[in-house]
Amino acid sequence: MTDEPLLTAEEAREVIEDLNRIVAPEGIQESYQLTAGGVDHWVYARGQDRSNPVILFVHGGPASPLSPVTWQYQRPIEEYFTVVTYDQRAAGRTFRTIDPETIADTLKIEQYVADAIELTEQIRERYGLDKVILMGHSWGTVIATHAALARPDLFHAYVGIGQFINSRTNERLSFEYALEQARAHNHTEALEQLESIAPYPGDEPVTRERIIIARDWAQYRGGLTAYRDNSLYFFQAALLSPEYTLEEAETIGEGNMFTLGRVLDQLLEVDFTGVTEFPIPVVMFLGRHDYTTPSAPTAEWIEAVKAPYKQAVWFERSSHLLPWEEPGKMLVSLLAHVRPLVS
């Protein structure tokens with residue numbers, strides 16, 4: 001026996017890269033840069049058949065790009081859709097294309113929305129499309145919802161995953177869940193920390209420190225990924241990504257730290273409860289155990305909203321990371337509820 005690993009990290013990356021390489025003659029696999037709002041954004045497109053509908057998937061975070069982690073769950077979806085993702089300004093590889101300080105003042109929700117619209121227009125032109133399917137996850141749902149409301153002509157439908165409806169309601173429900181679980185498990189450390197920020201969010205400023213306490217203990221009880229107290233597979237996946245070098249993967253955290261404080265105030269004011277009509281078909285994928293962006297407000301919202309078509313799909317074994325937790329059901333749900341909306 002030897003203490004040497006059977007595969008080095010680089011060799012493991014090569015295995016993943018080989019498995020994920022699209023070899024179908026009619027397929028598409030490319031990464032490139034498109035300029036939006038004066039910033040060169042890294043864009044990634046993958047699919048087994050370029051005649052399939054295109055999904056534009058707006059990542060969460062803020063500044064947590066999907067591109068280095070899609071290798072974990074996306075391959076089956078690529079048989080039926082071409083999936084386009086992009087690293088937002090100050091996120092992932094896009095963070096490295098520019099001196100971040102030169103765009104610090106542009107990290108506003110309205111700019112992210114303008115970027116998404118501008119990128120959509122270029123993606124339509126590149127692939128000869130009239131419309132794309134718009135999908136958002138977590139923070140990305142804020143951007144995507146605004147984009148759908150502003151430019152419904154660009155999209156066949158909108159799919160929200162970990163949808164934001166009202167940020168302060170989310171914070172309250174997440175805290176209440178964490179506190180309830182801490183009491184049920186007689187978890188002294190959690191109780192002490194949670195009680196130190198009560199009432200939450202309350203009338204005090206919602207600082208990053210208070211958010212971390214509330215969020216960490218909710219996630220400790222499965223509020224991020226169901227039935228787990230961590231999500232190592234998500235946070236470490238970029239280290240094995242075929243799309244990113246190790247150096248690029250290690251800068252993801254830098255982009256996150258650079259971005260969060262600059263968008264936090266706006267993020268805490270997000271409120272779509274006043275949106276009573278949606279201009280395009282809307283489908284919500286709801287994690288039953290999601291206490292990062294709790295699903296109950298989204299279920300209430302979609303029940304009440306008027307739209308050309310609407311559907312709520314519950315993922316009973318998922319929390320906030322449902323593309324990873326129930327990838328099979330995600331594919332089936334896309335085929336059942338979203339693919340027919342493409343005219």
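Mentor: The largest cavity holds about 40 Å³ of space. A cavity is a set of points on a 1 Å grid over the protein atoms alone where a 1.4 Å probe fits but cannot get out. Its volume is the space filled by probe spheres on points joined across faces, edges and corners. The count at 30 Å³ or more is one cavity. This is a predicted model: local features need pLDDT of at least 70, side-chain atom pairs need 80 or more, and totals for chains, interfaces and linings use all residues. Residues are numbered from 1 along each chain, and side-chain values use heavy atoms, without hydrogens or water.

Lining residues have an atom within 4 Å of a point. Here they are Gly-162, Gln-163, Phe-285, Leu-286, Gly-287, Asp-290, Thr-293, Pro-294, Ser-295 and Thr-298. Strand β7 (residues 282-287) gives the most, with three residues. Strands (E, at least two residues) and helices (H or I, at least four) are DSSP runs numbered from the N terminus. The lining divides into three nonpolar, six polar and one charged residue. Nonpolar means Ala, Val, Leu, Ile, Met, Phe, Trp, Tyr, Cys and Pro; charged means Asp, Glu, Lys and Arg; the others, Gly among them, are polar.

Next, the pockets. A pocket is an open set with protein on both sides within 12 Å along at least five of seven lines. The largest pocket contains about 1100 Å³. It has 41 lining residues, and Gly-61, Pro-62, Ser-64, Phe-235 and Asn-256 are the closest to its centre. Helices α5 (167-184), α7 (208-220), α8 (232-235) and α10 (252-267) each supply at least two lining residues. The largest share, seven residues, comes from α10. By class, this lining has 24 nonpolar, 13 polar and four charged residues.

The second largest pocket contains about 210 Å³. Asn-20, Gln-29, Arg-46, Pro-242 and Glu-243 are the closest to its centre, out of 15 lining residues. The elements that give two or more of these residues are α1 (9-20), β2 (39-47) and β4 (82-86). Its lining splits into four nonpolar, seven polar and four charged residues.

Strands β2, β4 and β7 also belong to the sheet. It is open, has eight strands in the order β1-β2-β4-β3-β5-β6-β7-β8, and its pairing is mixed. Edge strands β1 (28-36) and β8 (310-315) each have a single partner, so one side of each lacks a neighbour in the sheet. From one strand to the next, the twist averages 20°. Strands β2 and β4 pair in the antiparallel sense over four bridges; two strands pair if DSSP finds at least two bridges between them. Arg-46 has Val-83 in β4 as its bridge partner. Helix α3 (residues 109-127) packs on the sheet. It touches β1, β2, β3 (54-58), β4, β5 (132-137) and β6 (155-161), in a direction about 135° from that of β1. Contact means heavy atoms within 4.5 Å. Axes are fitted to C-alpha atoms, for helices over the stretch in contact, with angles of 0 to 180 degrees between N-to-C directions.

Last, the backbone of two loops. Ser-138 has a positive phi, near 55°. Its place is the loop between β5 and α4 (139-150). The loop between α6 (188-196) and α7 holds Pro-199 and also Pro-201. The bond joining Ala-198 and Pro-199 is cis, with omega about -10°. From Tyr-200 to Pro-201 the bond is cis too, with omega near 0°. Most peptide bonds are trans, and most residues other than glycine have a negative phi.
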